[in-house]
Amino acid sequence: MPHPLGDELTELHVHLGGSVDPAALWGIAHEQGIRLPTKDYWEFVDLITVGKRERKSFEDFLALYRWTELIQSSPVAVEESVYEVVSGAYRKANITTLELRYNPMKRNRGGERDLDRIIVASIRGLERALLEYPVTAGLIFSCDRTFSYAQNEILIDKAIAYRDRGVVGVDMAGPANPDFHYKDYAPLYRKARKAGLGVTIHAGEDEGWQSVEEVVEYLEPDRIGHGIHAAENASLCKRLAERGILLEICPSSNLHTQVVKGPDELGEFIAAFKRHKVRFSFNTDGPEMLQTTLREELKLAVRSDWVTKEELVQRGEWAKAASFVHGRPS
Ligand SMILES: [Zn+2]
């Protein structure tokens with residue numbers, strides 16, 4: 001029987017902390033005896049999601065992860081969370097190619113839990129979902145802009161160590177940090193690339209186009225997380241197009257965190273990418289936290305006249321081709 005929602009979709013940019021159904025997360029929290037700040041389920045939902053019409057600053061948005069990351073900080077919780085996201089993406093949106101990213105070091109209570117146990121549990125959650133649903137999926141380890149170089153190096157080394165067991169790529173994410181420079185990380189991402197991992201980096205989201213330029217120059221990414229502000233520089237756009245770097249655009253996320261002025265500006269950015277033939281795909285960033293689905297993001301893109309239905313199909317093909325789950329794109 002065909003999936004009731006129709007075509008199969010690919011999603012490349014989803015954070016574990018923003019993607020677990022609140023009811024599942026509520027269950028996981030209670031199962032582990034975590035003392036939540038509220039005993040009221042709906043207050044809890046409010047604590048970990050953004051309201052439909054609400055707008056948050058980029059920092060406020062990242063603060064929502066505090067509770068979800070804490071609840072996910074045990075092997076059992078990570079396994080259940082990954083399982084929920086991968087299986088839920090199939091059921092709720094017919095996503096059959098999925099990359100799920102998270103930072104294992106934000107799930108081990110500052111070293112209290114063994115990092116390898118957390119990682120293996122996430123792989124187990126992934127495998128369980130793959131056994132049950134017709135999905136291809138992989139994990140991406142996110143480094144963090146506020147972590148030390150040594151911490152991020154551990155994350156890259158772990159991604160390499162688990163490369164043949166479900167980890168397909170590495171990322172850089174997290175809050176802004178004035179002491180952080182992409183450039184410093186060139187050796188680490190080179191090592192990851194050499195080991196066969198895909199490289200995607202958050203840039204040009206809360207930062208200007210310069211951040212994307214720095215990432216392209218020093219980290220040689222296959223893809224950029226968001227990257228929308230790259231649209232403000234034509235020569236950078238040309239470079240992205242020449243190198244075939246795909247931008248993972250997350251419309252609702254950008255509108256909520258106000259890293260774009262509004263739908264019109266986002267539309268102008270997308271138009272610039274189309275003009276310069278920059279590849280991009282649409283993503284949710286975290287469907288549960290943002291109370292959206294990939295299907296809703298695609299509808300929004302067509303309704304807002306950012307892309308036609310035909311262009312949407314093309315973006316879906318690009319997303320699939322740029323996915324790390326079938327091996328790094330050549
Ligand atoms: Zn992201």
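**Strand order and helix packing in the predicted model**

F61 lies in helix α3 (residues 58–63), where helices (H or I, at least four residues) and strands (E, at least two) are DSSP runs numbered from the N terminus. The structure is a predicted model, in which local features need pLDDT of at least 70 and side-chain atom pairs count only at pLDDT 80 or more, whereas totals for chains, interfaces and linings use all residues. Residues are numbered from 1 along each chain as its sequence is written.

F61 is buried, since 23 other C-beta atoms lie within 10 Å; a residue is termed buried if 20 or more other C-beta atoms lie within 10 Å of its own, exposed if 12 or fewer, and partly exposed in between, with C-beta atoms placed from the backbone. When its neighbours within four places in sequence are left aside, F61 is in contact with K56, H256 and T257, two residues being in contact if their C-beta atoms, placed from the backbone, lie within 7 Å. F61 and T97 are 36 residues apart along the chain, and their C-alpha atoms are separated by 26 Å.

The strands β1 to β8 form an open sheet of eight strands in the order β1-β2-β3-β4-β5-β6-β7-β8, with parallel pairing; two strands pair if DSSP finds at least two bridges between them. Strands β1 and β8 (280–282) stand at the edges with a single partner strand each, so that one side of each is left without a neighbour in the sheet. On average, and with direction ignored, neighbouring strands of this sheet are turned by 25° against each other, where axes are lines fitted to C-alpha atoms, for helices over the stretch in contact, and angles run from 0 to 180 degrees between N-to-C directions.

Five bridges join β1 to strand β2 (residues 95–102) in a parallel arrangement, and L9 stands opposite I95 in β2. Further along the sheet, β3 and β4 pair in the parallel sense over six bridges, with C143 opposite M172 in β4. Seven of the seven residues of strand β4 (residues 167–173) are buried, so β4 is largely enclosed by the rest of the structure.

Helix α13 (residues 294–303) lies across β1, β2 and β8, and runs at about 120° to β8.

Helix α5 also packs against helix α6 (residues 115–132), at an angle of about 30° and with the axes 7 Å apart. The crossing of α5 and α6 is right-handed; a crossing is left-handed if the near helix is turned anticlockwise from the far one by less than a right angle, and right-handed if clockwise. Among the residues that meet are V78, V82 and V86 in α5 and I118, A121 and L126 in α6. By class, the contact of α5 with α6 has nine nonpolar, four polar and six charged residues, with Ala, Val, Leu, Ile, Met, Phe, Trp, Tyr, Cys and Pro counted as nonpolar, Asp, Glu, Lys and Arg as charged, and the others, Gly among them, as polar. E127 lies in helix α6 and is partly exposed, with 17 other C-beta atoms within 10 Å. Between E127 and G138, eleven residues apart in sequence, the C-alpha to C-alpha separation is 9.6 Å.

Two further helix pairs were examined. Helix α1 (residues 22–31) and helix α2 (residues 41–48) pack at an angle of about 110°, with their axes 10 Å apart. The two helices α1 and α2 are therefore roughly perpendicular to each other, given that angles under 35 degrees count as roughly parallel, over 145 as roughly antiparallel, 65 to 115 as roughly perpendicular and the rest as oblique. In this pair, P22, L25 and W26 in α1 meet Y41, F44, V45 and I48 in α2, and the residues of the contact divide into seven nonpolar, no polar and no charged.

Helix α9 (residues 209–219) and helix α10 (residues 234–243) pack at about 35° with their axes 11 Å apart, and the crossing of α9 and α10 is left-handed. The contact is made by W209, V212, E213 and V216 of α9 and by L236, R239, L240 and R243 of α10, which by class gives five nonpolar, no polar and three charged residues.
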